[in-house]
Amino acid sequence: MKLQLALDSSNSQEAKRILEKVSDLVDIVEVGTPLLMKEGVKVVTEIKSAYPQLEVLADLKIMDAGDIEASIGFEAGADIVTVLGVAHDVTIGRAVNQARTLSKKVMIDLIAVSDVRARIDQIDAIAPDYCCVHTAFDLQDHGMDPLREIQLVQSALKRTQMAVAGGINPGILPDILAYHPAVVIVGGFITNHPEPRQAALQIKELLA
Ligand SMILES: O=C(CO)[C@H](O)[C@H](O)COP(=O)(O)O
């Protein structure tokens with residue numbers, strides 16, 4: 001099971017300071033959407049060259065032009081790019097083809113997919129690398145319970161591995177781990193913690 005650290009600060013210096021403290025504890029470092037919007041894909045290049053041993057995910061949340069936008073992330077040094085599950089199948093397929101050509105990976109983000117039961121089979125048929133059950137930032141204080149969706153996705157996926165994201169902390173993590181996700185994505189619990197390393201160690205202990 002991999003730990004993905006989401007760096008969603010819009011300030012790359014701050015994001016890099018946190019990464020420096022926990023880089024030995026994480027498997028994948030995510031350059032978050034706010035950071036990409038503010039500073040561009042050059043942050044992906046900088047982080048990949050500073051930490052070549054880590055996988056770097058560019059959270060591009062691609063919605064169209066799957067091959068063009070995925071290659072922007074891959075050419076910048078990303079190992080994985082994200083594509084929205086609400087995008088058309090052809091968009092997901094083009095991003096996946098691009099990834100296969102370059103020996104890279106695609107993670108599909110199920111954020112805002114209304115009928116997950118129907119969509120998950122269609123996405124799995126395209127065989128991206130990961131499919132992420134994601135509780136949106138904007139819903140995290142609305143008492144969302146992701147476990148039902150996690151269970152549904154885990155039982156439906158045949159060709160694709162499951163990732164889980166959105167407000168993950170040590171309180172909910174044990175319940176999530178019961179569904180054996182391939183990737184656990186943690187952002188704010190680590191990055192907003194007064195002691196990010198302590199927070200990351202707490203998560204690692206639960207993953208062990
Ligand atoms: O993609 C994201 C928001 O759209 C975040 O990176 C993801 O939700 C993880 O961060 P957190 O643990 O703070 O929710």
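For the classes used below, Ala, Val, Leu, Ile, Met, Phe, Trp, Tyr, Cys and Pro count as nonpolar, Asp, Glu, Lys and Arg count as charged, and the others, Gly among them, count as polar. On that basis, the shell around the ligand in this predicted model is made up of 6 polar, 4 charged and 3 nonpolar residues.

**Surroundings of the ligand**

- The ligand has 13 residues around it, and those that come nearest are Asp8, Gln140, Gly167, Gly187 and Gly188.
- The largest pocket of the protein is the space that the ligand takes up.

- Asp8, one of the residues that come nearest, places a polar side-chain atom 2.6 Å from an oxygen atom of the ligand.
- In the case of Lys61, a polar side-chain atom is found 3.1 Å from an oxygen atom of the ligand, while for Asp59 the distance between an N or O atom in the side chain and an oxygen atom of the ligand is 3.2 Å.
- Taken on its own, the ligand has 370 Å² of accessible area, and the protein covers 92% of this.

**Overall form of the chain**

- The protein chain contains 10 helices and 8 strands as its secondary structure.
- Along the principal axes, its C-alpha atoms fill a box of roughly 40 × 35 × 30 Å.
- The radius of gyration of the protein chain is 16 Å, which agrees with the value near 17 Å that a compact globule would have with 208 residues.

Notes:
Residues numbered from 1 in each chain as written. Predicted model: local features only at pLDDT ≥ 70, side-chain atom pairs only at ≥ 80, totals over all residues. Heavy atoms only, no water. Near = heavy atom within 4 Å. Polar contact = N/O pair within 3.5 Å; in protein donor to acceptor, adjacent residues only side chain to side chain. Areas by Shrake-Rupley, 256 points an atom, 1.4 Å probe, with all protein chains shown as cover. 1 Å grid on protein atoms, 1.4 Å probe; cavity = no way out; pocket = protein on both sides within 12 Å on 5 of 7 lines; lining within 4 Å. Sits in = over half its atoms within 2 Å of the grid points. Helix = DSSP H or I, 4+ residues; strand = E, 2+ residues; numbered from the N terminus. Rg over C-alpha atoms; globule rule 2.2 N^0.38 Å.
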